[in-house]
Amino acid sequence: MDRPALVQLKDVTKIYRMGDVELVALRGVSLEIAQGEFTAIMGASGSGKSTLMNLLGCLDRPTAGSYLLEGQDISVLSNDQLASLRNQTLGFVFQSFNLLSRTSALENVELPLLYSGVPAAERHQRARESLVRVGLGDRLHHHPNQMSGGQQQRVAIARALVNRPRVILADEPTGNLDSRTSVDVMALFQALGRTGITVLLVTHEPDIAAYATRVVTMRDGLIRSDQRQAQKAAVPLPDGTEAHP
Ligand SMILES: Nc1ncnc2c1ncn2[C@@H]1O[C@H](COP(=O)(O)OP(=O)(O)O)[C@@H](O)[C@H]1O
Ligand SMILES: [Mg+2]
């Protein structure tokens with residue numbers, strides 16, 4: 001028999017409680033994602049995309065329903081166990097890059113390894129490898145403010161990769177990038193997908209979702225459609241063509 005799906009959500013609901021007010025953000029979401037799939041999650045603002053990503057990323061827990069990640073029921077894990085699962089299995093990329101501005105690319109990428117207690121020499125080595133992997137081997141000592149938006153997002157992707165995650169979760173990763181640079185970042189995600197990394201990406205842009213192998217569309221806290229598609233090939237920028245600020 002095949003291995004279980006990487007992600008198995010069953011009848012997941014999420015209710016936010018603020019005082020007496022309850023807001024139902026997810027109303028019963030079931031979703032299976034296989035290893036290596038590149039899934040775009042679309043939907044209008046407020047439809048529950050970020051809530052779903054936070055659950056998938058083990059940053060939050062469902063109110064009801066179950067979530068198995070690599071066959072592991074996350075509801076039985078303590079917060080510490082959840083943190084270590086996040087650290088070992090998942091890599092996060094954000095719209096606003098979330099880099100430390102007065103710190104080199106190398107040090108930014110090393111940070112997750114510092115948290116997981118990796119010794120210094122191995123930290124440097126792995127951070128360097130990760131930056132080479134995203135095409136920034138010649139920018140190791142640049143600070144974020146010396147890099148273009150696309151380069152900063154690639155540093156953030158290198159940081160997400162440094163713990164050798166099996167899943168990358170990216171919430172609107174191209175939201176602050178121009179369209180050409182966005183395609184370049186998508187080319188990078190596609191390259192990661194070809195190495196077996198599972199990519200989960202939130203976007204509200206159909207042009208960006210076209211680069212995924214599957215598009216899940218949310219509406220009012222439910223999955224409205226879920227379609228596999230032929231992936232549009234993203235053509236990476238030739239080295240050095242991206243505008244510098
Ligand atoms: N921490 C929170 N507390 C209360 N309500 C929230 C919280 N996060 C999101 N919501 C609400 O849940 C719904 C879904 O939000 P969200 O998942 O952020 O949607 P999207 O990312 O698709 O814009 C929205 O109505 C939003 O206002
Ligand atoms: Mg959102």
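A crossing of two helices is called left-handed if the near helix is turned anticlockwise from the far one by less than a right angle, and right-handed if it is turned clockwise. Keep that in mind for the close-ups below, which come from a predicted model.

**View 1. Helices α4 and α5 meet in a right-handed crossing.** Helix α4 covers residues 120–133, and its axis comes within 9 Å of the axis of α5. The two axes cross at roughly 130 degrees. To find the contact, look for Ser130, Leu131 and Arg133 in α4, which meet Val155, Ala158 and Leu161 in α5. Sorted by class, this contact has four nonpolar residues, one polar and one charged.

**View 2. Helix α3 packs against helix α5.** Here α3 spans residues 105–115 and α5 spans residues 149–161. Their axes are 7 Å apart, at an angle of about 30 degrees. That angle makes α3 roughly parallel to α5. The crossing of α3 past α5 is right-handed. On the α3 side you can pick out Ala105, Asn108, Val109 and Pro112, while Val155, Ala158 and Arg159 are their partners in α5. Five nonpolar residues, one polar and one charged make up this contact.

**View 3. Helix α5 also meets helix α6.** Helix α6 runs over residues 179–194, and its axis comes within 10 Å of that of α5. The crossing angle is roughly 20 degrees, which makes α5 roughly parallel to α6. Once again the crossing is right-handed. From α5, the residues taking part are Gly150, Gln153, Arg154, Ile157 and Leu161. They meet Thr181, Asp184, Val185, Leu188, Phe189 and Leu192 in α6. By class, there are six nonpolar, three polar and two charged residues in this contact.

**View 4. Ligand 1 sits among residues that include Ser47, Gly48 and Thr51.** Which other residues are around ligand 1? Among them are Tyr16, Met18, Leu23 and Ala25, along with Ala44, Ser45, Gly46, Lys49 and Ser50. Now zoom in on the oxygen atoms of the ligand. A backbone N or O atom of Ser47 lies 3.3 Å from one such oxygen, and a backbone N or O atom of Gly48 lies 3.1 Å from an oxygen atom of ligand 1. Thr51 takes part through its side chain, where an N or O atom is 2.6 Å from an oxygen atom of the ligand.

Methods: Residues numbered from 1 in each chain as written. Chains lettered and ligands numbered in written order. Predicted model: local features only at pLDDT ≥ 70, side-chain atom pairs only at ≥ 80, totals over all residues. Heavy atoms only, no water. Axes fitted to C-alpha atoms, helices over the stretch in contact; angles between N-to-C directions. Helix = DSSP H or I, 4+ residues; strand = E, 2+ residues; numbered from the N terminus. Parallel < 35°, antiparallel > 145°, perpendicular 65-115°, else oblique. Contact = heavy atoms within 4.5 Å. Nonpolar A, V, L, I, M, F, W, Y, C, P; charged D, E, K, R; others polar. Near = heavy atom within 4 Å. Polar contact = N/O pair within 3.5 Å; in protein donor to acceptor, adjacent residues only side chain to side chain.
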